[in-house]
Structure formats: structure tokens, C-alpha cells
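Hi,

Here is the structure I promised to pass on.

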Amino acid sequence: MPGFFRPTKHLKRKVHPVPSVHHSGSNGAIGSQSHPYPGQSPQNKSSWTEAPRSSAAQETLRMEQLQESTANLDLQQVPSVCPINLLQQRDVPRVDPTAPEPGLSTHLRKLNCCSDVFQCTLVNIPHTLALLKQVKLPLGLIFQPFKDSREPPLLITDVPPRCTTCQTYINPFITFIDQQHWKCNTCFSLNDVPGNFLYDPMTGSNCNPHSRPELQHAALEFMVPLEYQAGRPRPVTYLFVFDVSYNAVETGYLGIVCKTLLENIDRLPGDSRTRIGFITFDSTVNFYHLHSSLSRPRMMVVADVDDIFIPSEDKLLVNLQQSRQLVVSLLEEFPVAFRETQKRQCAFGPALQAAQKLLKYCGGRVSAFLTQLPNVGCGSLQPREDPGDSTLGAKHLAPAIDFYKVLALELCGQQTGVDLFLLSQRYTDLASVACLPRYTCGYVYYYPAFHHIHSSALVEKLQQEFQHHLTRSIGYEGLLRIRYTQGLMLETYYGNSFLQTTQMLSLPCVCPQAEFAFLMMIDGAVTDSSFVVFQSSLLYTSCQAVDRSVRLCLAYTRDELMRVLIEALVAYRVSTCSPKQSAFTIPHSLQQLPLYVLALLKQPAFQTDAAMSLDERVFTMSQLMIQPLTLVLRMVYPDLYKIDDYLNSESADNISLERGKETVKRPALVQLMAENLTLQGAFLIDCGNVLYIWVGRHCSTSFLDGVLGVTSYTSLPGTLTLLPILQNPASKLIQALLGSLRKERLYHAPCFIIKDDSTSRSVFIKRLVDDRTETAMSYYEFLLHLKERVCK
């Protein structure tokens, strides 16, 4: 399967380990949680003991021990469990609901997946089915894989080791038997520890496996390798299916939808390969020829709705960039093209069959609009609504026919998602047509009694929701898998998706708001651990991509940078040096090449451990590709200036003279190393697309007053998002300098002021490329690494 909506795979943990995997060219997320059994104390993961399921006598003893352990508790002293008499205390304070936290030690709780992303309904898991039934609470999981949580996934380069038996990813709750073996906390199988898992490439020596990020973080994200893919990621494809019957024209929805689509046509998630197509229907099904070779769109009508014929796919699904003008023309024509229609029939089923055939080999995203009960061809429905019948049951609430469910499963199988916009004045049998989004991970948008004049609130609702539908981040071709400790079983699931296997959901389209619930059951199997772990993994394809990072993967791009650099250095060495010479030489013309390669590897767009959204990463990549080289170099290796001394060395006369020539003399450049920062100074770093001014805690009062407009360092906010414009020579000089730096840039570069002791300090420090970071070498270390590779 192709890639996803963010570029890597990540693991999330809860008190039930749950991994989530993402697709290549895409992102992956693995989350896990761990929950103790009742009556047992949380233990460190390295000292977990095996606890086979108890017999009836053992269970009785365990319950007695549990009762003893809680007998002396004073519930009045525990606010979270203090009993409340609702009849006497009706005015219960309103507080924000919080997810239940499992009864783990502080250390283990930190290793659990963030509860706003992954949570369990029980904080302790019963040992037996009988005890679970006695509790009378569901053992359920709720998982929102793309939620923007307070715990962003850690991006890593490599795929974490997996259990060879059950494929569970290694996680903070596994047990190391020795340096060569680890015990899976899901199926309890023993696995070999990969050799590279114990090797730290930064130090060149073995490391403690518990220091690995896979064992320190609940959520990981990584680009998956080729073996996860069924083929090259397919282009993002959008297909819009519009109802143009008489009833639809009367509602006036088409003009609103087309206007919104026109306003957001350039915001659709995708890349240069993105494709788009349109189908309209009334008593017939209409296709639109939009190939870029045409001067205007052409409509093709299929009157035989009982045997839908699909013209050439290349003519109907076209490249959005190449056929953009034709698409715009068609959207401008739609609102008036059917204004005089008298056709009251609705061939919704045949139109969807056409969509399924059109997307059979490419998959995609269908946005379908319906304004009345389908009444022509396959999928025709009869009114079932009976206002006098108060016994609503299967004949009202369940699908009237299987057509839409069967079609939805076919669409799901070809990785096509359907979102349904229902704008109806009358009964439309939503119970039947809602099968489309239900089994394809789509959504229903419902606007009862919609009219473009008489329901202004619904008009605004349609505009806002359709715009969000068009522009929101989304992942494609997703597979959500859940794994759990032996002794449990998945009973059922809830959410718009299709259960492809007993543990895996198929998600043709998945957005940040998508949430899934799983109802678990205890199957009576022997349990070999004091904890239950759940792990979820999401494999999906990103809808945005850039060059090699999308065609292959981010890790491959990084490897390619190193390969090209090393091959260049080796070639020079072979041609000019003795093979036995130990010196690491490089031509003058290439002396900055290693520095820029290291800086590029540290650039956020190419850092696999950077906590940034996919959109941000892709935008940064696009800036690197489209901006002038001088600005690209500045984005990769920023310019650092000491500006407090600069003020002292310039006079007001020089300021006005230089500004009159539209040039400003710039301070001398400072090497990008933290040791060059002084607490008495102020420094400006130009990162191409953003500027930062770092202010030391002992910075001179003249700079603070003249440039920042404050009397002391303590009165300066932690982070300023706007540099004040003051009427004094110092402020004018800095403003002139910033204006000079910003000249001829495609994007405005905002300037942020950061204090040395503020929480934003790391934003500035991480731009100091020459220094070592937690995940990357310093420039000197990088040169030593290159020498080992080149001077073998």
C-alpha cells in the first residue's frame, strides 16, 4: 500500500500496548498502553513476573487480597473516589472530563500513550471473564490516531524491531531476558535483539537498550520500507458526484458548492500528480471530458443507467494542474447549466456504480451530493417513513436493501472513500445510503430542509463544512491494526471502517477527527504477565509529497545525501592521493560541501525525529525547491550576527546614508556555535524563512531600551512575535537591517525575539548547526565520520 498523510511510522503506548504503523511515503503511528490486573502493584518493566491465569481458588484468594488492600483506605481522603450523594449534593462542580488513568507507577505512567489519543475504559483489567462480567463495565479501547495531542509522536529513522510470532513492535513494556533476547509482552515469545539495536552510531559503541527511543516513548512515527508497500504510491484522486435533478436545482446548493470548490481548488491536499473528475446525475448519468488538449469541457450522457458504460479514464480523471482552466470553467458553468431542467428522477445508485468503476484501479476520494430519495436504476428506494409508527426497528433504522453496503465494501476494497452530503427537503432513507461512508471511513453531512435563500444558517454550515472537507489533512489507503496481550480477544469495533480481519480495519481515507472504538473480551486463555498491553498501528499513504522523499522515503533521501558526498570525496582521493595516505583532504571548491550536507541533514524538513506536521514538512521542502539558491543556502545554513556591538559601531548619519542607497552594511558573520553566544550580547539569526533575535540575560540596557522598548531584561516577555518600531537611531538601524535581509524574498520572514531563559530558547539553539544535538553529530564529529568512510 502507498504512503500516508505524515511521512513515517509511529508507536503509541497506553496501559495496553498498542502499535500503529504508517505506510511508506507515509507516516506510521504506534501507540501502546499498559494496565495492571487489580490487586497487583505496578512493577518495573525489567522485573515483570509471569503470572499464569488463576484457578477458582486462586481467584478467590486474589479477591480477598484485593479486599484487604482496600479495606483500610479512607475514601473521604481520596477526592477522585470520594462518594457523593446526588440527592443531597445536586450542584456538582463542572470540570473538564479527563480520561481514566491506569494504576501504574509514575515511571510506567509516563511511558503510556497519551490518554487523549489512546485510552482504555478500565484502569485495571479483570483476570477472568467471570470477574469482568461481575464488574459490569465494558473493557473497551478508544483510539484517535491522528489527533493533535500534547504528546507528539517521536520521529525515528529505522523500523522498530518486531516480535517474530505476533508482529508486535518492541515497546517500553517488553522484558529483556539478556542482552541477546527480549520477551514479547503480547504473546510472550522470545525474540533475538538485532545487532544494530544495541549500537549507537553517534558514539560508535554499544549502548544500553533501555536508552533506545523505542523504549522511552509511547508514540513513534517512521517512514516504512518497501516491504510494507504493495507498489508505488498512487496519485491523490478527487471525484465529485453532483445531484442535478429538479429538486437539486431548487435547493440552490450547487452554486454554493461550486463557489467554495473554486475558492479552494489550489488548497486541495496533494502534489503535482493530483487528479480530479466530475459526475452529475438526474435520470441519466453524465461524465465530463476534461483533457488538457480540449478548449472547453465536454459532457457525455449515459442514458442506459441499467448498464453503465465508462468512457476512457484518462479523459474523465485528469491532472488538476494540467487541466486546471477546464476544471474552473466547468465549475463556473455548473450552477447555470441545469437551471431549466424538469427531470425529477434520481439515478444515485448508477452514478455511484460509475464512480466505483472509474476509480477501480486508482482508488480515491468521492464527495457525493444527494437531495432526494434515489428512484431510478440500481439502488432505488421506496419511502419507509411512517409518522404513525412509534415502534422504530429494523424496518426503519436498518438498510432497506443491501445495494449500498455491497457497493461500499467494493469501494473500500479498492481504497476509495465516500463522503456523503445530504441536502433534502424530504425523506431520503439515510439508513440505507449512509452505508457508503460507514464502510469506507467517510462522513455524512446532513442539511435537512436546505434552501439557498430560506435557510441561511444551513448555507453557512455547508460552506464551512465543505471548505474544511476540501482542505483538511487526510491519509489514504490506511490499515489500522490492534494487538493485545494473550488472553484477550476483539469482540467488535465501532467507527466508519471495515473490519478486514479479526484485528485489522481498512481505512480508505482517514482524517485527524477519525476515532475508533474496540470492545474487548477475555477469552479464558492463560495469562503470563501482571500487565495487559494494547498496541495499535496505522499504515497509510500521505496525500502530499516532494521529489525523492515521496517517491521513496525520507530515510532514503538522507542516505542518498551521504552517499553522494562520500562518493565525491572518494573520487577526489583516488584521483589525487596515494591510497595509503591517511590525511582527509578535500579540494578548495568543495570545502563547504560537508558543512552544507550536515546542515541539510539537520534541516527540519529532513529530520526524522523532528516534531513537525506533515504539512509543515512539505511546505519547508517546497521552499527548498522553489526559492533562489541564496535563500535556500540560508535556510540550510543560517547567518548569525552579533547585533548589540553592531549598534555601537554605527552612527545615525551612516544609517540614513546607507538606507538612502537601499543597502545597509551588515555585521560580521558569527560561526553557528553556542560557545559564541554571550550573555551580555544580542544575536540575530537569519534562517531564510524566519528571523530570530536572541537576547542574553545580561544584555546592555541601551539595546533593551533602544531596540526592544523595555527598561530591563526581566520586563522583556519570554517571546515577542513583533519587533517594536521606535523613533530612535538604534531601532531605525535594526529595522533597516531587517529590511535589507528581507529584500527579494518570495515569503515574508517574520522576526521573533527570544530570551535566553525562555522556553523558546531551544528554537534558536537548534539552528546552531555546528554543534552536536541529541540526535545528530557536531560538524567536527561529522568530519571524523566522513574520514572513516573515505580513508578506508
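The chain as a whole averages a pLDDT of 76, with 74% of the residues scoring at least 70.

Some bookkeeping: this is a predicted model, in which local features need pLDDT of at least 70 and side-chain atom pairs count only at pLDDT 80 or more, while totals for chains, interfaces and linings use all residues. Residues are numbered from 1 along each chain as its sequence is written, and side-chain values use heavy atoms, with hydrogens and water left out.

Now to Ser424. You will find Ser424 in the loop between strand 19 (416-422) and helix 11 (430-433); helices (H or I, at least four residues) and strands (E, at least two) are DSSP runs, numbered from the N terminus. Ser424 counts as buried because its relative accessibility is 4%, the classes being buried under 20% relative accessible area, exposed over 50% and partly exposed in between (1.4 Å probe, protein chains only). Its side chain joins that of Thr428 in a polar contact of 2.7 Å, and it also reaches the backbone oxygen of Thr371 at 3.5 Å. A polar contact is a pair of N or O atoms within 3.5 Å; within protein, one must be able to donate a hydrogen and the other to accept it, and residues adjacent in sequence count only if both atoms are side-chain atoms. Leaving aside residues up to four places away in sequence, Ser424 touches Thr371, Gln372, Tyr447, Pro448, Ala449 and Phe450.

Two backbone angles may interest you as well. Most residues other than glycine have a negative phi. Gln167, however, has a positive phi near 70°; this residue sits in the loop between strand 6 (154-155) and strand 7 (175-178) and is partly exposed at 32% relative accessibility. Phe188 is not a glycine either, yet its phi is positive at about 70°. Its place is the loop between strand 8 (181-183) and strand 9 (190-192), and with a relative accessible area of 12%, Phe188 is buried.

Best wishes

Note on methods: Contact means heavy atoms within 4.5 Å. pLDDT is the predictor's confidence in each residue, from 0 to 100.
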